[in-house]
Amino acid sequence: MPRRILQGKVTSTKRDKTITVEVERRVMHPLYRKFIKRSKKYSAHDEQNVCKEGETVKIRECRPISKSKTWELITE
């Protein structure tokens, strides 16, 4: 099964080797047929602590690293 890749903005780097990434997506309202922004926060593994707040990053689905971390940072 292929790993999902998401793109989002880093909102927090306070935890060691962990970043919080907010991913926005656009969905159509079922009744009004208008596009709405929906966002969700993911905890991702950042091994070298290279990310800063406000950066746009890509994260990839991975094996569970901890209770809340199942995503890892993709370094280009």
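This is a predicted model: local features need pLDDT of at least 70, side-chain atom pairs count only at pLDDT 80 or more; totals for chains, interfaces and linings use all residues.
Colleague: How many bridges join β1 to β2?

Modeller: Two strands pair if DSSP finds at least two bridges between them. Strand β2 covers residues 18-28 and runs antiparallel to β1. The number of bridges joining them is three.

Colleague: Which residue in the turn between β1 and β2 has a positive phi?

Modeller: These strands form a hairpin, with five residues between them. The phi in question is about 60°. The residue is K17.

Colleague: What is the bridge partner of G8 in β4?

Modeller: Strand β1 holds residues 5-12, and β4 holds residues 56-61. The two run antiparallel, joined by five bridges. In β4, G8 is partnered by V57.

Colleague: In what order do the strands close into a barrel?

Modeller: Five strands take part. Their pairing is mixed. The order is β1-β2-β3-β5-β4.

Colleague: By what angle are neighbouring strands of this sheet turned against each other on average?

Modeller: Each axis is a line fitted to C-alpha atoms, and angles between N-to-C directions run from 0 to 180 degrees. Here, direction is ignored. The average is 55°.

Colleague: Is C51 buried or exposed?

Modeller: Buried means under 20% relative accessible area, exposed over 50%, and partly exposed in between (1.4 Å probe, protein chains only). Contacts (heavy atoms within 4.5 Å) of C51 include V10, T13 and I19, leaving aside neighbours within four places in sequence. Its relative accessibility is 8%, so C51 counts as buried.

Colleague: How far from the sulfur of C51 is the nearest cysteine sulfur?

Modeller: A disulfide needs two cysteine sulfur atoms within 2.5 Å. The structure holds zero disulfides. The nearest sulfur to that of C51 belongs to C62, at 14 Å.

Colleague: Why does H45 count as buried?

Modeller: H45 lies in strand β3. It touches K17, I65, K69, W71, E72 and L73, not counting residues up to four places away in sequence. H45 counts as buried because its relative accessibility is 17%.

Colleague: Which side chain is joined to that of H45 by a polar contact?

Modeller: A polar contact is a pair of N or O atoms within 3.5 Å; within protein, one must be able to donate a hydrogen and the other to accept it, and residues adjacent in sequence count only if both atoms are side-chain atoms. The contact here is 2.7 Å. The partner of H45 is E47.

Terms used
Residues are numbered from 1 along each chain as its sequence is written. Side-chain values use heavy atoms; hydrogens and water are left out. Helices (H or I, at least four residues) and strands (E, at least two) are DSSP runs, numbered from the N terminus.
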